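This briefing goes through selected strands, helices and ring contacts of one structure. Please keep the sequence and the 3D view at hand while reading.

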Amino acid sequence: MFISDCRREFYDVIVSQRVLLLVASDVDALCACKILQALFQCDHVQYTLVPVSGWQELETAFLEHKDQFKYFVLINCGANVDLLEILQPEEDTFFFVCDSHRPINVVNVYNDTQIKLLVKQDDDLDVPAYDDIFRDEEDEEEDSECDSDGSEPSEKRRRFEEDVIERTMKRRQRREWEARRREIIFDYEQYEYHGTSSAMVMFDLAWIMSKDLNDMLWYYKNTQEESEVTNLFLRMKYVTDIGILQRHVSRHNHRNEDEENSLSIDCMRIAFEYDLRLALYQHWSLYESLCNTSYTSASLKLWSVQGQKRLQEFLADMGLPLKQVKQKFNSMDMSLKENLREMIEESANKFGMKDLRVQTFSIHFGFKNKFSASDIVYATASLMENIEKEGPETTNFIKALDSLSRGNLDKLHQGLDLAKKQLRAIQQTVASCICTNLVISQGPFLYCSLMEGTPDVKLFSKPVSLCLLSKYLLKSFVCSTKNKRCKLLPLIMAAPMDVEQGTVIMVGIPPETESSDKKNFFGRAFEKAADSTNSRTLHNHFDMSIIELKTEDRSKFLDALISLLS
């Protein structure tokens, strides 16, 4: 059931209860969690936080805690499946689900007792009408009833014949209704996409309660930048949300324009600005950032010798010495940095990179520390998928959560270092895949598989890293290929998951086109292909377009996908 008043129907209900928070492992979920934790701290709400990275962990966490808790808050998990069927809870258990995954399961939508959905009301959900997908069983009971009165035999025969005709008509109508229902459900569930971020829903709740802070606003901003980095949402939605954010930023940060009411130098300040679409360039060298940013790497085709020459020409056109661009950005001459953005933008237009300037927000901690929202997204995502074992399974989640707080800048800097390694690994793998023609057309889609022994292959056994690699590879492939048909195809990417168990992780992403609506059809396609071939798959991720598959079943699974999508 959709909640219309988050404060009254959600927060006021749980504020006096013990609550279990089940939080998915993505940046949006972490930011929504931080906002909700701040609200809980204000009102002394007792809660337990459990990170979950997939359906199996969600089920395990619920089974372990169902006797201690009656109120569960699920962040970025649970909306797109039938929760009651999976978890089998008691009738006095209640779930509050704040999830950006779409489409929302229809059983969750129409369950008005145990499932409460925290969804922004202006989202275009297109949920089917109740009567089109649910039907009362009274008709069936009537069908099974027989007349047993004491009327004349001829009268009984005539009534019997009428009943047979009526039942036949009802059965036919039921078959037609069921066929129409299957069609409606298929159309509704065919594509997977993302709605309004969970952090935005939580920030709106804090705003309604007049408890919104600058920190909460920054968490909300990070989720918008995540959608830009990972290409989750429509560009128009991103621009609209930027406008909403800008009004909140002006409201919270207007004091620093007035000298009498200016903030102290160690305070946190958020500013709206136009910046360069270059990954981590303020914490890296400009040269490394140009080489390892998806947009510039794909536009200049840096995997080729010709692309490297174009990069040198690009730097020469700006008049920047190599010695300056190859050292840390903070160490560059101030005279060069003053007009750097204008110089880069002017030269970028000449080299066909017209979208190098973007609208974004930055955060200042006093005079020394300045970070853009994309810096935080890269750092937090890298911390969550750090492949170096440093303790229990939840260590990475806790570190990533802590890195969002301004008091933990050491963890944030650690995340930035990991993000640089991740971006280097992604660009090297993209260059290798394109130069060795690993991206092949399978008819209805492109396919690329990383082999065991590939450098950094362990990193790409993680879902977010593999998704980033897939998006960067598809963007680069579209820029490199001359085949117009291939430019319009989606991509399936596979990487070794567990060599001992013989499994691969596979992800499907939609085509790289300007008009792309970011809707992904691979989730349902994967399910159908697995069912038709009895392939041993594990649909454990909250994104349906990410699956785990037995290596020996891969060929028949792909054959089924090709025939299904052709």
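Which residues point one way from β14, and which the other way? Thr503, Ile505, Val507 and Ile509 point one way, Val504, Met506 and Gly508 point the other way, and all are buried. The model is a predicted one.

**Strand β14 and its partners**

- Strand β14 covers residues 503–509 and is mostly covered, with 7 of its 7 residues buried.
- Strand β13 (residues 491–498) runs antiparallel to β14, and 7 bridges join the two.
- Within this pairing, Val504 of β14 has Pro496 standing opposite.
- β13 and β14 make up a hairpin that has 4 residues between the strands. In the turn, Gly502 has a positive phi of about 70°.
- β14 also pairs with strand β16 (residues 546–550), in the antiparallel sense and over 5 bridges.
- Ile505 has Glu548 as its bridge partner in β16.
- As background, the strands of a sheet pair through backbone hydrogen bonds, in either a parallel or an antiparallel way.

- Strand β9 (residues 357–365) pairs with β10 over 4 bridges in the antiparallel sense.
- Phe371 in β10 has Ile363 standing opposite.

**Helices on this sheet**

**Aromatic pairs**

- The whole structure holds 20 aromatic pairs.
- One of them is the edge-to-face pair of Phe445 and Phe522, at 6.4 Å centre to centre with 80° between the planes.
- This pair links distant parts of the chain, 77 residues apart: Phe445 is in the loop between β11 (440–441) and β12 (446–449), and Phe522 is in helix α22 (residues 522–533).
- Phe445 counts as buried because its relative accessible area is 0%, under the 20% cut-off.
- Phe522 is likewise buried, with a relative accessible area of 0%.
- Phe526 and Phe557 form a tilted pair, with 5.7 Å centre to centre and 45° between the planes.
- Here too distant parts of the chain are linked: Phe526 lies in helix α22 and Phe557 in helix α23 (residues 554–565), 31 residues apart.
- Phe526 has a relative accessible area of 0% and so is buried.
- Phe557 counts as buried because its relative accessibility is 0%.
- Ring pairs join Phe445, Phe521, Phe522, Phe526 and Phe557 into a cluster.

**Charges over rings**

- Arg357 has its charged end over the ring of Tyr274, 4.1 Å from the ring centre.
- Arg18 has its charged end over the ring of Phe69, 4.5 Å from the ring centre.

Notes. Residues numbered from 1 in each chain as written. Predicted model: local features only at pLDDT ≥ 70, side-chain atom pairs only at ≥ 80, totals over all residues. Heavy atoms only, no water. Pairing = 2+ DSSP bridges. Phe/Tyr/Trp six-rings, centres within 6.5 Å; stacked < 30°, edge-to-face > 60°. Buried < 20%, exposed > 50% of the residue type's maximum accessible area, 1.4 Å probe, protein only. Lys NZ or Arg CZ within 6 Å of the ring centre and 35° of its normal.
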